Amino acid sequence: MGFRSIIRRRSFSKTQGSTKGFEVPKGYLAVYVGDKMRRFVIPVSYLNQPLFQELLNQAEEEFGYDHPMGGLTIPCSEDKFLNLTSRLSEL
């Protein structure tokens with residue numbers, strides 16, 4: 001499975017009037033990661049995994065429930081996020 005379980009989308013910008021092409025398939029969740037706030041679409045099943053829950057706790061500490069991108073913002077590097085999600089997809 002590897003990296004096939006996550007879908008990377010271009011970053012969302014408030015200047016883009018429409019979100020057309022940014023739909024999230026049923027059973028998936030959009031998150032924003034890294035300094036460039038890249039958008040990733042991940043399976044909701046990751047939310048139950050202890051490793052991913054650690055990232056959610058970090059997001060809560062840093063952003064509370066106010067996520068500037070309008071979606072869940074994960075405060076880690078893209079490399080760390082991709083490493084974590086690749087390990088989760090192997091479970």
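A: Start with the hairpin of β2 and β3: 4 residues lie between the strands, and G34 takes a positive phi near 85° there. The model is predicted, so local features need pLDDT of at least 70 and side-chain atom pairs count only at pLDDT 80 or more, while totals for chains, interfaces and linings use all residues. Residues are numbered from 1 along each chain as its sequence is written, and side-chain values use heavy atoms, with hydrogens and water left out.

Q: What makes β2 and β3 a pair of strands?
A: Strands are DSSP runs of E with at least two residues, numbered from the N terminus, and two of them pair if DSSP finds at least two bridges between them. Strand β2 (residues 28–33) and strand β3 (residues 38–43) are joined by 6 bridges and run antiparallel, so they meet the definition of a pair. Two of the bridge partners in β3 can be named: R39 for Y32 and V41 for A30.

Q: How do you know that β2 also pairs with β4?
A: Between β2 and strand β4 (residues 72–74) there are 3 bridges, and these strands run parallel. Y32 stands opposite T73 in β4.

Q: Why is β3 called largely enclosed?
A: Buried means under 20% relative accessible area, exposed over 50%, and partly exposed in between (1.4 Å probe, protein chains only). Of the 6 residues of β3, 5 are buried, so the rest of the structure largely encloses this strand.

Q: Why is P50 called exposed?
A: P50 has a relative accessible area of 55%, and the cut-off for exposed is over 50%. P50 is found in helix α1, and with E61 it is carried on the face of α1 turned away from the buried side.

Q: What makes the buried residues of α1 line one face?
A: The buried residues of α1 are F52, L55, A59 and F63. Seen down the helix axis they fall within an arc of 55°, so they line one face; the arc is that of the directions from the axis to the C-beta atoms. They pack against β3, β4 and α2.

Q: How do you know that the length of α1 is close to what is expected?
A: Helices are DSSP runs of H or I with at least four residues, and the expected span is 1.5 Å times one less than the number of residues. With 14 residues, α1 reaches 20 Å from its first C-alpha to its last, close to the 20 Å expected. For α2, with 12 residues, the reach is 16 Å, close to the 16 Å expected.

Q: How are α1 and α2 placed relative to each other?
A: The axes of helix α1 (residues 50–63) and helix α2 (residues 78–89) come within 10 Å and cross at roughly 145°. Axes are lines fitted to C-alpha atoms, for helices over the stretch in contact, and angles run from 0 to 180 degrees between N-to-C directions. Contact means heavy atoms within 4.5 Å; L51, F52, L55 and Q58 of α1 make it with K80, F81, L84, R87 and L88 of α2.
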